[in-house]
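The structure is shown first.

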Amino acid sequence: MILLITSVKNGGITVELGSLNRAAEKLRLSPTMVGKHLKLLENNLKTQLLNRTTRRISLTASGGEYYHHCKKVLELVDEGEERLRNDQLIPSGQLTISCPEILGKKRILPFSLNYMDRFPATHIHLSLTDRLVDIMREDIDIAIRIGEPPDSTDIIARPLTDYELVACASASYLEQFGTPEKPEDLFKHQCISLNGSILDQWQTTSFKENIKNSRLTSDSSEVIKQGAISGMGIIIQAKMFLEDAINTGLLVPILENYPLPARKLNALYLRKKYSSARVNFMLEALQEALPLKK
C-alpha cells in the first residue's frame, strides 16, 4: 500500500512537470526509478496511464480520469503529513492564493515572499486576477476579495485591513481643466474608468450616468494609472496602488473633503479546508500582516 501511494505521488509529480527527468530531479530519484513506479501503477491498474515519447509525456484518457481522482487522494495524504508537522508548528505544502491584481502586486506578493522565506517548506501559487473566482470549482485555498463576502454556509470570511480609495489626477490635468471641489464637479471632467458602485457612495444611482468618460479606457489598473499620470483624466483607485505616484507628485489627491468609505477586505476559504494546517497558518499570517483597523 505504501509503495502504491508513493507511486501515485511520483506519478502525479511527473504529470505536473511533464517529464520523467524533471520529476526525477525534483524527487531526487533516478529516471529509471520514477519509470518503475509508473510501471507499477499501470500493472496494478492493468491499463496505460501515460503516452511516452522521447520528448514529452501526456495522459491517456484513462490516465486523465485516474489523475483527477488521485489529486484528491494526494491532498488527503498531504493533509495527514501536515497534521504531523503541525505538532512541530512548521507549515508546509502547496497553497493557491487568488487576489485582485493591484492588491496582489502591492501587498500579497511581498507578503508571500516573506512567508516562504520564513517557512521554506511552503510553496505558493499566486493567481492575480480581478475575475471573481469560484474557490470550490477552481481549487483555490484562499481567495482575497474586496467587498461584501458571499452569503454561503460553505465559505468562511476572515476580515483583513480596510481597502482605502482615493480620487486623483495629474497636476497638468488640474492646471488645464481646474480642480473639482465637490463630487458633482466630475460632470465637467474627463474621468477614467470610474467604478459605478464606488460613485454610488457619493450620490444616487443616477450620479454615475452623468459622468463624462475619458477617451482612454482599459481593464488594466496599470494602464488607467499611467493614463492619469499622463493627464488623460481623473481616476479613483486603491490608495495603496497610487501612494508612490502621490508621494512623488505624479498624481494629486482631489475631493479630500468627500472621502470615499473604505471597502471591506476578506480572506475567503472553504469551511472544509480550515482543518488544513497550511491554510490555517496562512490565514493567521494574513491577519497579522493585514490587521483590521479598530
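**Packing of helices 8 and 9**

Helix 8 (residues 221-229) packs with helix 9 (residues 239-247) at an angle of about 30 degrees, their axes lying 12 Å apart; axes are lines fitted to C-alpha atoms over the stretch in contact, with angles running from 0 to 180 degrees between N-to-C directions. The two helices are therefore roughly parallel to each other, a term for angles under 35 degrees. Contact (heavy atoms within 4.5 Å) involves Ser221, Glu222, Lys225 and Ile229 of helix 8, and Phe241, Leu242 and Ala245 of helix 9.

Lys225 also lies over the face of Phe241, at 4.6 Å from the ring centre, where the criterion is NZ of Lys or CZ of Arg within 6 Å of the ring centre and within 35 degrees of the ring normal.

**Basis of the model**

The model is predicted, so that local features need pLDDT of at least 70 and side-chain atom pairs count only at pLDDT 80 or more, whereas totals for chains, interfaces and linings use all residues. Residues are numbered from 1 along each chain as its sequence is written, and side-chain values use heavy atoms, leaving out hydrogens and water.

**Aromatic cluster**

Phe111, Tyr115, Phe119 and Phe281 form one aromatic cluster. Phe111 and Tyr115 make a tilted pair, 5.9 Å centre to centre with 35 degrees between the planes; rings of Phe, Tyr and Trp (its six-membered ring) pair if their centres lie within 6.5 Å, and planes under 30 degrees apart count as stacked, over 60 as edge-to-face and the rest as tilted.

Because Phe111 and Tyr115 are four residues apart in helix 5 (residues 101-118), about one helical turn separates them.

Notes:
Parallel < 35°, antiparallel > 145°, perpendicular 65-115°, else oblique.
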